[in-house]
Amino acid sequence: MKRAISIIVTLALLAWLASDSRWRMVGDAFDRVTLGTFAVATIAFFVTYVLRALRVCDEFRDEVHGRFGACLRVILIHNAMINVVPFRGGETAFPLLLRQVFGVPIMRASASLLWFRLQDAFVVGVLALAVWPGLHPAIRVAGVAALIAAAWYLPRWARAPHDWAGRSRIVAKLGLLRDIFTEATGRSRYGWWWTIANWSLKLAVQGWLLALMLGTSFTTAFPGVVGAEGAAILPVQGVAGFGTYEAGAAAALLTSGIAMKSGLQAALALHLFIFCSAIATGAIAWLFPSKSTLPGNPAVGPARKPSQ
């Protein structure tokens with residue numbers, strides 16, 4: 001009952017915000033997209049969540065033991081929390097949920113989350129350099145090569161032998177973090193492939209929707225999506241990333257000849273759709289708890305044994 005009430009209150013607040021006249025201009029962007037297109041985009045976004053869950057299953061296969069549904073639930077709730085909690089505070093949901101559901105230590109899960117985010121940043125950076133308008137070919141090639149080299153070198157640097165444990169207390173603690181990070185970078189077998197597949201699909205769908213909302217071509221709109229996602233991975237964010245996402249998209253769209261006002265309006269409409277998708281799937285996942293593997297932490301909800 002508490003969960004149902006919280007969802008109803010959230011939907012009521014969103015309806016109240018949508019009724020404000022200053023938000024109605026966003027409807028112009030939504031009017032350019034059909035319901036069928038929104039349905040296809042929603043399914044595609046869900047596929048990206050599945051790809052991220054597969055990445056978690058691959059990384060923590062020894063702890064997960066094939067429980068894909070539980071991994072998907074972790075991803076959906078984590079994704080919703082990122083969109084709700086300001087200043088990237090929702091990221092804490094990932095290690096906490098992994099500990100609760102699979103018994104993964106907080107430090108181990110946090111190190112894996114850091115590696116996931118670094119992989120995301122490398123992939124988005126490469127895509128940004130590949131599609132950004134007006135870049136000199138030499139700069140484009142050099143930037144892509146530098147990012148690929150950094151992505152290749154970082155885990156190898158982490159795995160290299162070191163004597164940090166025998167140094168000062170601060171350096172010794174950093175050495176422990178380095179060792180945990182080393183384990184995170186070496187556990188996933190197909191982490192890069194899951195990351196590339198996830199971001200390729202995610203950016204393609206967002207670029208498609210943004211192009212429809214702007215009434216322009218995919219190639220014109222795609223830099224705006226990359227700019228928005230580049231701003232979205234900043235360490236400091238507002239509530240649901242509103243503001244930075246739109247600003248990043250509009251700034252990137254200026255290079256394609258899209259006016260700032262039009263870019264902000266379309267980016268806000270796209271962001272609202274992504275936000276609603278994340279909240280809806282996260283709420284559904286929240287209503288179906290997973291059985292915990294931790295001793296003394298029994299399952300709740302549907303996973304609980306019926307009382308006698």
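What follows is a chat about a predicted model of a protein.

Student: What does the secondary structure come to?

Tutor: The protein has 13 helices and zero strands. Read along the sequence, the pattern is α-α-α-α-α-α-α-α-α-α-α-α-α.

Student: How many residues are there, and what percentage count as buried?

Tutor: There are 308 residues in the protein, and 43% of them count as buried.

Student: What share of the contacts comes from residues 24 or more positions apart?

Tutor: Among contacts with a separation of 6 or more, such residues account for 69%.

Student: Let's pick a helix. How far does H13 reach?

Tutor: Helix H13 covers residues 260-286, which is 27 residues. From its first C-alpha to its last it reaches 38 Å, close to the 39 Å expected.

Student: Is H13 mostly covered or mostly exposed?

Tutor: Mostly covered, with 19 of its 27 residues buried.

Student: Changing topic: how many disulfides are there?

Tutor: A search of the whole structure finds zero. Cysteine 57 has the sulfur of cysteine 71 as its nearest cysteine sulfur, 3.1 Å away. That pair is not a disulfide because the cut-off is 2.5 Å.

Student: Is cysteine 57 buried or exposed?

Tutor: Cysteine 57 is buried, at a relative accessible area of 16%. Cysteine 276, in contrast, is partly exposed at 39%.

Student: What about aspartate 58, where is that?

Tutor: Aspartate 58 sits in helix H3, residues 35-59. Its relative accessible area is 3%, so aspartate 58 counts as buried.

Student: Which residues does aspartate 58 touch?

Tutor: Leaving out residues up to four places away in sequence, aspartate 58 touches Arg187, Ser188, Arg189, Tyr190, Gly191 and Trp194. Serine 188 is 130 residues from aspartate 58 along the chain, yet their C-alpha atoms are separated by 5.6 Å.

Student: Which residue meets aspartate 58 in a salt bridge?

Tutor: Arginine 61 does, at 3.6 Å from N to O. Arginine 61 is partly exposed, with 28% relative accessibility, while aspartate 58 is buried.

Student: Why would such side chains pair at all?

Tutor: Side chains of opposite charge can pair when their charged atoms come close.

Student: How many salt bridges does the structure hold?

Tutor: Six. One of them joins the side chains of arginine 108 and glutamate 59, at 3.1 Å from N to O. This pair links distant parts of the chain, with arginine 108 in helix H7 and glutamate 59 in helix H3, 49 residues apart. Both residues are buried.

Student: What does lysine 202 form a salt bridge with?

Tutor: Its partner is glutamate 229, and the closest N and O atoms are 4.0 Å apart. Lysine 202 belongs to helix H10 and glutamate 229 to helix H11, 27 residues apart. Lysine 202 is buried at 17% relative accessible area, and glutamate 229 is buried at 6%.

Student: Which residues are linked in a network of salt bridges?

Tutor: Arg55, Glu91, Arg117 and Asp120 are linked that way.

Student: Last one. Which residues form the nonpolar patch on the surface?

Tutor: Met107, Ile170, Leu174 and Leu177 form the patch, with about 380 Å² of accessible area together. Helix H9, residues 169-187, gives the largest share, three residues. Leucine 174 lies in that helix and counts as partly exposed at 42% relative accessibility.

Notes:
Residues are numbered from 1 along each chain as its sequence is written. This is a predicted model: local features need pLDDT of at least 70, side-chain atom pairs count only at pLDDT 80 or more; totals for chains, interfaces and linings use all residues. Side-chain values use heavy atoms; hydrogens and water are left out. Helices (H or I, at least four residues) and strands (E, at least two) are DSSP runs, numbered from the N terminus. Buried means under 20% relative accessible area, exposed over 50%, partly exposed in between (1.4 Å probe, protein chains only). Contact means heavy atoms within 4.5 Å. The expected span of a helix is 1.5 Å times one less than its number of residues. Patches are made of residues with over 30% relative accessible area and no salt bridge: like charges are joined within 9 Å, nonpolar side chains (Val, Leu, Ile, Met, Phe, Trp, Tyr) within 5 Å. Accessible areas come from the Shrake-Rupley method with a 1.4 Å probe; for residues, only the protein chains shown count as cover.
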